[in-house]
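User: I have a structure to go through for class. Can we take it step by step?
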Amino acid sequence: MAYSIYHFFAELCQKKAEFLSTNKLEGFPFDEQMLSCINKGKFPDLAIKLNCGDPQFTGGELIELKDSKTYAVASFNSTIPTGEKDIKKLTEGRENIIRTQMQEAGDDIFSLPIRQVFYLIRGRKQLNVKVCLTHGKFFETIPVSTLISESFAQALEERLNELGESLSVSMRQKLLDLFSEQQTFSRTRNVDDASVRLRFRIMTEVKAGANILNPNQYPQIRDNTLNFAVPCHNDVEQNQLKNKMEIAFGEMESAKFFSQMEVFVLQHHFNGNFLIFQAKLPSLAEEG
């Protein structure tokens, strides 16, 4: 059987009641046979195994867990949310635990250099729960380098205005180009005679317009539902995605769950259309 984010979602549907009783998402009973990597507190929290020679299901998707006691998406600490990652950057270093785990799982890691990124998000409000397995493009609406450089530009302009100073257009652009990569901030710095090392940390918070849990922004994502959200640009792609999901559910012997799901297109406030697969969860009130 193939492994993919679609098969992973089918497994979540099989175990959907666990979202009500599991205190922390990292304690969810994921099928470890499907995973090549499991980490706590380091991106990615989970990774799907690769499939060799399967053009429809490549596998290899990276997953980060985001848990919240409200309908606000938990902040992203140190790792800016993106739709894809270069696996080489995640597996660098002599003793890299991610690379070691993936190799031990049998993955030919670099056969799929660019990996799709998903976020498994759970939010709660009173006795209601929402769970969304969301492609990273729901949060990455502009390139990360643009996000960093423009944020730095705001800080630079604020400080220059406070000092009554100004920079030439060319010098300003040069500085913004220099400070457009996250690695520039994330490296630990050693200063002579200092008793501590300094590392700047980037924290990313989701705006209301990209908060898939927010009922005012996305009322279609109803209380007590489990959702899968993936970019969808046209009818042809929509049919392809539906077909892949149906195949995955069939291979996971979960066809009955697929037939019970609602499938619809969701308009993102910043980033086009997303196809949503939505399954009902029992409510905590019903469980009680």
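User: Let's start with one residue. Is Asp 67 buried, exposed or partly exposed?
Analyst: Asp 67 counts as partly exposed, at 29% relative accessibility. Buried means under 20% relative accessible area, exposed means over 50%, and partly exposed lies in between, with a 1.4 Å probe and protein chains only. This is a predicted model, in which local features need pLDDT of at least 70 and side-chain atom pairs count only at pLDDT 80 or more, while totals for chains, interfaces and linings use all residues. Residues are numbered from 1 along each chain as its sequence is written, and side-chain values use heavy atoms, with hydrogens and water left out.

User: OK. Which residue forms a salt bridge with Asp 67?
Analyst: Arg 122 does, and the closest N and O atoms are 2.8 Å apart. A salt bridge is a side-chain nitrogen of Lys or Arg within 4 Å of a carboxyl oxygen of Asp or Glu. Arg 122 is in strand β6 and Asp 67 in strand β3 (residues 62-67), so the pair ties together parts 55 residues apart in sequence. Helices (H or I, at least four residues) and strands (E, at least two) are DSSP runs, numbered from the N terminus.

User: And Arg 122, buried or exposed?
Analyst: Arg 122 is buried, with a relative accessible area of 0%.

User: How many salt bridges does the structure hold?
Analyst: Six. One of them joins Arg 159 and Glu 162, with the closest N and O atoms 2.9 Å apart. Arg 159 and Glu 162 are three residues apart in helix α5 (residues 144-163), which puts about one helical turn between them. Arg 159 is partly exposed at 46%, and Glu 162 is exposed at 59%.

User: What about Arg 222, which residue does it form a salt bridge with?
Analyst: Glu 262, with the closest N and O atoms 3.3 Å apart. This pair links distant parts of the chain: Arg 222 is in the loop between β8 and β9, Glu 262 is in strand β10 (residues 262-267), and they are 40 residues apart. Arg 222 is partly exposed at 35%, and Glu 262 is partly exposed at 37%.

User: Which residues does Arg 222 touch?
Analyst: Leaving out residues up to four places away in sequence, Arg 222 touches Lys 130, Glu 262 and Gln 278. Contact means heavy atoms within 4.5 Å.

User: Lys 130 came up there. Which ring does Lys 130 lie over?
Analyst: Lys 130 lies over the face of Tyr 71, 4.6 Å from the ring centre. A charge sits over a ring if NZ of Lys or CZ of Arg is within 6 Å of the ring centre and within 35 degrees of the ring normal. Lys 85 lies over the face of Phe 43, at 5.1 Å from the ring centre.

User: What kind of peptide bond joins Phe 43 and Pro 44?
Analyst: A cis one, with omega about -10°. Pro 44 is in the loop between β1 and β2 (46-48).

User: New topic, rings. How many aromatic pairs are there?
Analyst: There are 16. Rings of Phe, Tyr and Trp (its six-membered ring) pair if their centres lie within 6.5 Å; planes under 30 degrees apart count as stacked, over 60 as edge-to-face and the rest as tilted. Phe 8 and Phe 30 have ring centres 5.6 Å apart and planes at 20°, so that pair is stacked. Phe 8 is in helix α1 (residues 5-14), and Phe 30 is in the loop between α2 (18-21) and β1 (35-38), 22 residues away.

User: Are those two buried or exposed?
Analyst: Phe 8 is buried at 1%, and Phe 30 is buried at 12%.

User: Which residues touch the most other members of the largest nonpolar core?
Analyst: Of its 42 residues, those are Phe 8, Phe 9, Leu 12, Leu 120 and Phe 228. Helix α1 gives the largest share of this core, seven residues. A nonpolar core is a set of buried Ala, Val, Leu, Ile, Met, Phe, Trp, Tyr and Cys residues joined through side-chain atoms within 4.5 Å.

User: Last one. Is Gln 126 buried or exposed?
Analyst: Gln 126 counts as exposed, at 74% relative accessibility. Its place is in the loop between β6 (114-125) and β7 (128-135). Phi of Gln 126 is near 55°, a positive value in a residue other than glycine.
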